[in-house]
Amino acid sequence: MTQSGKGRDGGTGPRIAGTIEGDMQPCWLCGRSVAGRALFCHACGAVQPPREGLDHFTRLGLECRFDIELEALNRQFTGLGRALDPDRFVARGKRQQEHARAQADALAEAYEMLRDPVRRARYLLDLSGAGPLENDPGEPADVTALRGELAAATDALTVDRLALDVEQRAEACIRELAMAFRAGLTATARRVVARLEELEDIAAEARTRRAALGPTP
Ligand SMILES: [Zn+2]
(Lines give C-alpha, C1' and ligand atoms only; values in the text may rest on other atoms or scores of the structure.)
Protein backbone atom coordinates (compact mmCIF):
# COMPACT_ATOMS: atom_id res chain seq x y z
CA MET A 1 0.00 0.00 0.00
CA THR A 2 1.39 3.38 -0.91
CA GLN A 3 1.52 6.19 1.55
CA SER A 4 0.20 9.65 0.81
CA GLY A 5 1.40 11.83 -1.96
CA LYS A 6 2.16 11.18 -5.55
CA GLY A 7 4.25 14.31 -5.77
CA ARG A 8 7.91 14.81 -5.10
CA ASP A 9 8.93 14.63 -1.52
CA GLY A 10 12.34 16.16 -1.77
CA GLY A 11 13.55 15.88 1.79
CA THR A 12 11.49 18.72 3.19
CA GLY A 13 11.78 17.31 6.69
CA PRO A 14 8.82 16.86 9.01
CA ARG A 15 5.55 17.47 7.27
CA ILE A 16 3.56 18.64 10.24
CA ALA A 17 2.95 22.31 9.72
CA GLY A 18 3.65 24.60 12.64
CA THR A 19 0.30 26.29 12.29
CA ILE A 20 -2.94 25.22 10.76
CA GLU A 21 -2.37 27.65 7.87
CA GLY A 22 0.91 26.11 6.70
CA ASP A 23 3.90 28.20 5.71
CA MET A 24 3.58 31.36 3.65
CA GLN A 25 4.68 31.41 0.03
CA PRO A 26 4.39 33.96 -2.77
CA CYS A 27 1.33 33.95 -5.03
CA TRP A 28 2.28 32.71 -8.52
CA LEU A 29 0.42 35.65 -10.08
CA CYS A 30 1.02 38.74 -7.93
CA GLY A 31 3.82 37.63 -5.64
CA ARG A 32 2.12 38.49 -2.33
CA SER A 33 2.38 36.02 0.55
CA VAL A 34 -0.24 33.28 0.64
CA ALA A 35 -0.80 30.73 3.42
CA GLY A 36 -0.02 27.11 2.52
CA ARG A 37 -3.58 25.88 2.72
CA ALA A 38 -5.17 28.92 1.06
CA LEU A 39 -6.98 28.10 -2.16
CA PHE A 40 -6.98 31.71 -3.30
CA CYS A 41 -4.62 34.65 -3.02
CA HIS A 42 -6.26 37.18 -0.71
CA ALA A 43 -4.68 40.02 -2.71
CA CYS A 44 -5.45 39.16 -6.35
CA GLY A 45 -7.92 36.28 -5.94
CA ALA A 46 -5.98 33.87 -8.15
CA VAL A 47 -6.41 30.15 -7.45
CA GLN A 48 -3.20 28.76 -6.02
CA PRO A 49 -1.72 25.39 -6.99
CA PRO A 50 -1.89 22.80 -4.19
CA ARG A 51 1.13 23.21 -1.94
CA GLU A 52 3.50 20.23 -2.01
CA GLY A 53 4.14 18.56 1.31
CA LEU A 54 1.13 20.06 3.07
CA ASP A 55 -0.34 17.48 5.42
CA HIS A 56 -3.89 16.31 4.81
CA PHE A 57 -5.24 17.79 8.05
CA THR A 58 -3.90 21.25 7.32
CA ARG A 59 -5.12 21.05 3.75
CA LEU A 60 -8.65 20.52 5.03
CA GLY A 61 -8.29 23.15 7.75
CA LEU A 62 -8.43 20.63 10.58
CA GLU A 63 -6.33 20.09 13.66
CA CYS A 64 -3.79 17.31 13.22
CA ARG A 65 -5.28 14.65 15.52
CA PHE A 66 -6.97 11.26 15.46
CA ASP A 67 -10.36 12.15 16.90
CA ILE A 68 -11.60 14.61 14.35
CA GLU A 69 -15.33 15.15 14.01
CA LEU A 70 -16.55 13.51 10.84
CA GLU A 71 -19.16 16.23 10.55
CA ALA A 72 -16.43 18.89 10.52
CA LEU A 73 -14.44 16.88 8.00
CA ASN A 74 -17.44 16.58 5.68
CA ARG A 75 -18.29 20.24 6.12
CA GLN A 76 -14.76 21.38 5.25
CA PHE A 77 -14.52 19.07 2.26
CA THR A 78 -17.89 20.12 0.86
CA GLY A 79 -17.27 23.82 1.45
CA LEU A 80 -13.82 23.83 -0.12
CA GLY A 81 -15.07 21.71 -3.00
CA ARG A 82 -17.83 24.20 -3.69
CA ALA A 83 -15.29 27.03 -3.87
CA LEU A 84 -13.42 25.02 -6.52
CA ASP A 85 -16.43 24.28 -8.73
CA PRO A 86 -14.99 24.27 -12.30
CA ASP A 87 -17.85 26.47 -13.54
CA ARG A 88 -16.45 29.32 -11.50
CA PHE A 89 -13.19 29.34 -13.42
CA VAL A 90 -14.38 29.21 -17.00
CA ALA A 91 -13.57 32.89 -17.54
CA ARG A 92 -10.29 32.82 -15.60
CA GLY A 93 -8.12 31.07 -18.12
CA LYS A 94 -6.45 27.72 -18.43
CA ARG A 95 -3.89 28.04 -15.67
CA GLN A 96 -6.42 28.83 -12.96
CA GLN A 97 -8.67 26.05 -14.21
CA GLU A 98 -5.77 23.62 -13.88
CA HIS A 99 -4.93 24.84 -10.39
CA ALA A 100 -8.57 24.50 -9.34
CA ARG A 101 -8.68 20.94 -10.64
CA ALA A 102 -5.41 20.06 -8.92
CA GLN A 103 -6.66 21.59 -5.65
CA ALA A 104 -9.86 19.56 -5.90
CA ASP A 105 -7.82 16.38 -6.46
CA ALA A 106 -5.55 17.12 -3.50
CA LEU A 107 -8.57 17.77 -1.28
CA ALA A 108 -10.21 14.53 -2.41
CA GLU A 109 -7.03 12.60 -1.62
CA ALA A 110 -6.85 14.20 1.84
CA TYR A 111 -10.53 13.48 2.47
CA GLU A 112 -10.25 9.83 1.47
CA MET A 113 -7.27 9.38 3.75
CA LEU A 114 -8.83 11.07 6.78
CA ARG A 115 -12.38 9.82 6.72
CA ASP A 116 -11.36 6.21 7.31
CA PRO A 117 -10.13 5.77 10.90
CA VAL A 118 -7.61 3.06 10.07
CA ARG A 119 -6.05 5.02 7.22
CA ARG A 120 -6.13 8.15 9.36
CA ALA A 121 -4.32 6.34 12.19
CA ARG A 122 -1.70 4.97 9.79
CA TYR A 123 -1.21 8.41 8.32
CA LEU A 124 -0.78 10.00 11.75
CA LEU A 125 1.80 7.39 12.66
CA ASP A 126 3.64 8.21 9.40
CA LEU A 127 3.56 11.90 10.24
CA SER A 128 4.93 11.24 13.70
CA GLY A 129 7.84 9.39 12.10
CA ALA A 130 6.94 6.10 13.78
CA GLY A 131 8.60 3.25 11.94
CA PRO A 132 7.29 -0.30 11.63
CA LEU A 133 6.43 -2.29 14.73
CA GLU A 134 9.48 -3.35 16.70
CA ASN A 135 9.37 -6.72 18.39
CA ASP A 136 6.30 -7.63 16.40
CA PRO A 137 4.46 -9.93 18.81
CA GLY A 138 2.85 -11.74 15.89
CA GLU A 139 -0.81 -12.45 15.42
CA PRO A 140 -2.83 -12.46 18.67
CA ALA A 141 -4.44 -15.76 19.64
CA ASP A 142 -8.03 -14.55 19.13
CA VAL A 143 -7.22 -13.40 15.58
CA THR A 144 -5.72 -16.79 14.76
CA ALA A 145 -8.82 -18.45 16.22
CA LEU A 146 -11.13 -16.26 14.12
CA ARG A 147 -9.20 -17.15 10.98
CA GLY A 148 -9.54 -20.83 11.80
CA GLU A 149 -13.28 -20.57 12.48
CA LEU A 150 -13.82 -18.72 9.23
CA ALA A 151 -11.82 -21.27 7.26
CA ALA A 152 -13.93 -24.05 8.77
CA ALA A 153 -17.29 -22.29 8.30
CA THR A 154 -19.50 -23.91 5.70
CA ASP A 155 -22.79 -22.04 6.11
CA ALA A 156 -23.85 -18.42 5.64
CA LEU A 157 -25.09 -18.03 9.21
CA THR A 158 -21.71 -18.89 10.71
CA VAL A 159 -19.92 -16.56 8.33
CA ASP A 160 -22.37 -13.74 9.19
CA ARG A 161 -21.84 -14.33 12.91
CA LEU A 162 -18.07 -14.26 12.49
CA ALA A 163 -18.26 -11.08 10.37
CA LEU A 164 -20.26 -9.36 13.12
CA ASP A 165 -17.78 -10.52 15.74
CA VAL A 166 -14.89 -9.09 13.68
CA GLU A 167 -16.76 -5.81 13.21
CA GLN A 168 -17.32 -5.42 16.95
CA ARG A 169 -13.67 -6.14 17.70
CA ALA A 170 -12.65 -3.53 15.13
CA GLU A 171 -14.94 -0.96 16.73
CA ALA A 172 -13.37 -1.64 20.12
CA CYS A 173 -9.94 -1.19 18.52
CA ILE A 174 -10.93 2.21 17.15
CA ARG A 175 -11.99 3.36 20.61
CA GLU A 176 -8.71 2.07 21.99
CA LEU A 177 -6.86 3.87 19.21
CA ALA A 178 -8.53 7.18 20.06
CA MET A 179 -7.43 6.80 23.68
CA ALA A 180 -3.87 5.85 22.68
CA PHE A 181 -3.50 8.89 20.41
CA ARG A 182 -5.01 11.17 23.02
CA ALA A 183 -2.49 9.92 25.57
CA GLY A 184 0.38 10.15 23.07
CA LEU A 185 1.04 6.39 23.27
CA THR A 186 2.49 5.87 19.79
CA ALA A 187 3.68 2.31 20.40
CA THR A 188 0.22 1.29 21.61
CA ALA A 189 -1.38 3.00 18.62
CA ARG A 190 0.93 1.10 16.28
CA ARG A 191 0.03 -2.20 17.88
CA VAL A 192 -3.70 -1.48 17.67
CA VAL A 193 -3.36 -0.48 14.00
CA ALA A 194 -1.59 -3.78 13.31
CA ARG A 195 -4.47 -5.62 14.98
CA LEU A 196 -7.00 -3.62 12.97
CA GLU A 197 -5.19 -4.58 9.78
CA GLU A 198 -5.53 -8.25 10.73
CA LEU A 199 -9.23 -7.77 11.48
CA GLU A 200 -9.80 -5.94 8.17
CA ASP A 201 -8.13 -8.81 6.41
CA ILE A 202 -10.47 -11.33 8.07
CA ALA A 203 -13.49 -9.11 7.33
CA ALA A 204 -12.53 -9.07 3.63
CA GLU A 205 -12.13 -12.85 3.66
CA ALA A 206 -15.56 -13.17 5.33
CA ARG A 207 -17.14 -11.01 2.60
CA THR A 208 -15.61 -13.21 -0.10
CA ARG A 209 -16.79 -16.38 1.62
CA ARG A 210 -20.24 -14.90 2.18
CA ALA A 211 -20.62 -13.90 -1.48
CA ALA A 212 -19.66 -17.43 -2.54
CA LEU A 213 -22.32 -18.92 -0.25
CA GLY A 214 -25.11 -16.90 -1.87
CA PRO A 215 -28.14 -15.26 -0.21
CA THR A 216 -29.68 -16.70 2.96
CA PRO A 217 -32.45 -19.15 1.95
ZN1 LIG B 1 -2.01 36.98 -5.90
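Q: Which residues does Ala189 touch, leaving out residues up to four places away in sequence?
A: In this predicted model, Ala189 touches Ala121, Leu125, Leu177, Ala180 and Phe181, with residues up to four places away in sequence not counted.

Q: What span should α7 have, and how far apart are its ends?
A: Helix α7 has 28 residues, 186–213, and at 1.5 Å a residue it should span 40 Å. Its end C-alpha atoms are 40 Å apart, so the two agree.

Q: What comes just after α7?
A: Gly214, which takes a positive phi of about 80 degrees.

Q: Back to the packing. How many residues are in the largest nonpolar core?
A: That core has 27 residues. Leu60, Ala110, Leu177, Ala189 and Val192 are the ones with the most contacts inside it.

Q: Which elements give two or more residues to this core?
A: Those are α3 (94–115), α4, α6 and α7.

Q: Where does this core lie relative to the domains?
A: Domain 1 (25–115) and domain 2 (141–213) both contribute residues, so the core lies between them.

Q: What other core lies apart from it?
A: There is another core of five residues, among them Val34, Cys41, Val47 and Ala100.

Q: Why does Phe66 count as partly exposed?
A: Phe66 has 19 C-beta neighbours inside 10 Å, so it counts as partly exposed; a buried residue needs 20 or more.

Q: What does Phe66 touch, again without residues up to four places away in sequence?
A: Phe66 touches Arg120, Ala121, Leu124, Leu177, Ala178 and Phe181. Phe66 and Arg182 are 116 residues apart in sequence, with their C-alpha atoms 7.8 Å apart in space.

Q: For the whole chain, how many helices and strands are there?
A: Seven helices and two strands, in the order β-β-α-α-α-α-α-α-α along the sequence.

Q: What percentage of the chain is buried?
A: Buried residues make up 24% of the 217 residues.

Conventions
Residues numbered from 1 in each chain as written. Predicted model: local features only at pLDDT ≥ 70, side-chain atom pairs only at ≥ 80, totals over all residues. Helix = DSSP H or I, 4+ residues; strand = E, 2+ residues; numbered from the N terminus. Expected span 1.5 Å × (residues − 1). Core = buried A, V, L, I, M, F, W, Y, C linked by C-beta atoms within 7 Å. Buried ≥ 20, exposed ≤ 12 C-beta atoms within 10 Å, placed from the backbone. Domains from an automatic or database assignment. Contact = placed C-beta atoms within 7 Å.
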